[in-house]
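Take a walk through this protein, one region after another. Keep the sequence and the 3D view side by side.

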Amino acid sequence: MRSLKFRTLAGVLGCLSLAPTAALAANDGGGADLGKAVEATIPPLMKANDIPGMAVAVLANGEARYFNYGVASRESGQAVTQDTLFELGSISKTFTGILGAYALAQGKLSLGDKASRYQPELKGSAFDRISLLQLATYSAGGLPLQFPDAVVDPSSMLAYYRGWKPDYAPGARRLYSNPSIGLFGHLAARSLGQPFDEAMEKGLLPKLGLSHTFIHVPAAEQSRYAWGYSKAGKPVRVGPGALDAEAYGIKSSAADMLKYLAINMSGQTEPALRRAMDASHAAYYRVGDLHQGLGWEGYRYPLSLERLLAGNSNEIAFQPQQVAWLNPPRPAGADVLLNKTGSTNGFGGYVLFVPSRKIGIVMLANRNYPNAERVRAAYRILSALDPSLAHAGRP
């Protein structure tokens, strides 16, 4: 059922300086403890949630390890590999955050600008008072999780935005929302003078060195594209929707996503992109222990499993939360855990990285299963790499 690959990061992720920390050296994070933790965690998780296939990738001690389980398609029996393409769902929002911050780094926009400045059709609407930062951080005033069913094309989308009335004062509450960060991505691309898909696929993704990450999977890569499986067990893939690329539309592999986490930690890239990644990691406000970035969500590290679960809970995802703004925004620093979940109807993913421990974890599955199960599984793997988590229950 499982295949495992082990690879040094020289060449592939050579931009990342990965001297082992004392905590990692104690457990040899690239060795047997990691393998045992993954093997004890992933097969039971798959069985309990009827997951056909999973690709798990772990970065520690300067090494990338890949653990591949099950099938990319139940119909064909094709095995999962580290190069299998999975739908990332809302993990895509971290790319959107970096793209917007890249426009910021080039002086194309300011996060304090009002949204209508970049979309003339929105002038005279609520978006005269809502900033790009509020859109990027789900604090525009109560934009919903999804667009209404009546939004089917650009004209109906603009009509929806023009007629939308906030439930809360802009900046007062967080309500997780695809139309919110989706509009941020759309307007950021407009500030760059490009459609979003082009700005991402021809601009940002190549700059990040990601050659197997796409919005639109090309014909030559279709054989790598897994099928997702619905609650009824039917093969599915994500369909088109308003601002889908901006909010949940990226497809990628475990190998490419581990590169992505590595460059987020190392920052060894052009200065504007480095500043963009730093801006996406920064904390703009707090909701409990969760520090909201641009797409990324952060926590002070080390932290307990209970606190990480609380930040990824349904309450945080689906209920409005009062926010405490940080002025100025707080740089992430090294002692932070940054993470993001993502789902489509047929896929479920989770990624996290810890700069101070130089650890990254990618978990991609071709079934949508509960976020809490993803967090528990990743935390168990992380604990095998960092013994300090055994003492993380302190306030």
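Strand S2 (residues 53-60) pairs with strand S3 in the antiparallel sense, over eight bridges. Two strands count as paired if DSSP finds at least two bridges between them. The elements themselves are DSSP runs, numbered from the N terminus: helices are H or I runs of at least four residues, and strands are E runs of at least two. Across this pair, Val 56 stands opposite Phe 67 in S3. The hairpin of S2 and S3 has two residues between the strands, and Asn 61 takes a positive phi near 55 degrees there. Strand S3 (residues 63-70) is mostly covered, with eight of its eight residues buried. Buried means under 20% relative accessible area, exposed means over 50%, and partly exposed lies in between (1.4 Å probe, protein chains only). In a regular strand the side chains alternate between the two faces of the sheet.

Before going on, a word on the model. It is predicted: local features need pLDDT of at least 70, side-chain atom pairs count only at pLDDT 80 or more, and totals for chains, interfaces and linings use all residues. Residues are numbered from 1 along each chain as its sequence is written, and side-chain values use heavy atoms, with hydrogens and water left out.

How confident is the predictor? pLDDT is its confidence in each residue, from 0 to 100. The mean pLDDT of the protein is 93, and 91% of its residues reach 70 or more. Among the elements, helix H1 (residues 22-27) has the lowest mean, 32, while strand S4 (residues 86-87) has the highest, 99. The pLDDT is below 50 over residues 8-30; beyond near neighbours in sequence, this stretch has 49 contacts in the model. Contact means heavy atoms within 4.5 Å.

Now turn to the helices. How do H2 and H13 lie to each other? Helix H2 (residues 32-49) and helix H13 (residues 371-385) pack at an angle of about 170 degrees, and their axes are 8 Å apart. H2 and H13 are therefore roughly antiparallel to each other. The contact includes Leu 34, Ala 37 and Leu 45 of H2, and Ala 377, Ile 381 and Leu 385 of H13. Its residues divide into 10 nonpolar, two polar and three charged. Here Ala, Val, Leu, Ile, Met, Phe, Trp, Tyr, Cys and Pro count as nonpolar; Asp, Glu, Lys and Arg count as charged; the others, Gly among them, count as polar.

Axes are lines fitted to C-alpha atoms, for helices over the stretch in contact, and angles run from 0 to 180 degrees between N-to-C directions. Angles under 35 degrees count as roughly parallel, over 145 as roughly antiparallel, 65 to 115 as roughly perpendicular and the rest as oblique.

Helix H9 (residues 254-266) and helix H10 (residues 271-281) give another case. Their axes come within 9 Å and cross at roughly 95 degrees. H9 and H10 are therefore roughly perpendicular to each other. In H9, Ile 263, Asn 264, Met 265 and Ser 266 meet Arg 274, Met 277 and His 281 of H10. That contact divides into three nonpolar, three polar and one charged residue.

Next, the backbone. Most residues other than glycine have a negative phi, and most peptide bonds are trans. Tyr 138 is not a glycine, yet has a positive phi of about 60 degrees. Tyr 138 is found in the loop between helix H4 (132-136) and helix H5 (154-163). At 1% relative accessibility, Tyr 138 is buried. Leu 243 is not a glycine either, and has a positive phi of about 50 degrees. Leu 243 lies in the loop between strand S7 (235-236) and helix H8 (244-248). Leu 243 is buried, with a relative accessible area of 9%.

Where are the cis bonds? One runs from Tyr 301 to Pro 302, with omega near 5 degrees. Pro 302 is in the loop between S11 and H11. Another cis peptide bond joins Asn 327 and Pro 328, with omega about 0 degrees. Pro 328 is in strand S13 (residues 324-330).

Stay in the loop between strand S11 (297-300) and helix H11 (305-311): Leu 303 is there too. Is Leu 303 buried or exposed? Leu 303 is buried, at 4% relative accessible area. Leaving aside neighbours within four places in sequence, Leu 303 is in contact with Leu 308, Leu 337, Tyr 379, Leu 389 and Ala 392.

Methods
pLDDT is the predictor's confidence in each residue, from 0 to 100.
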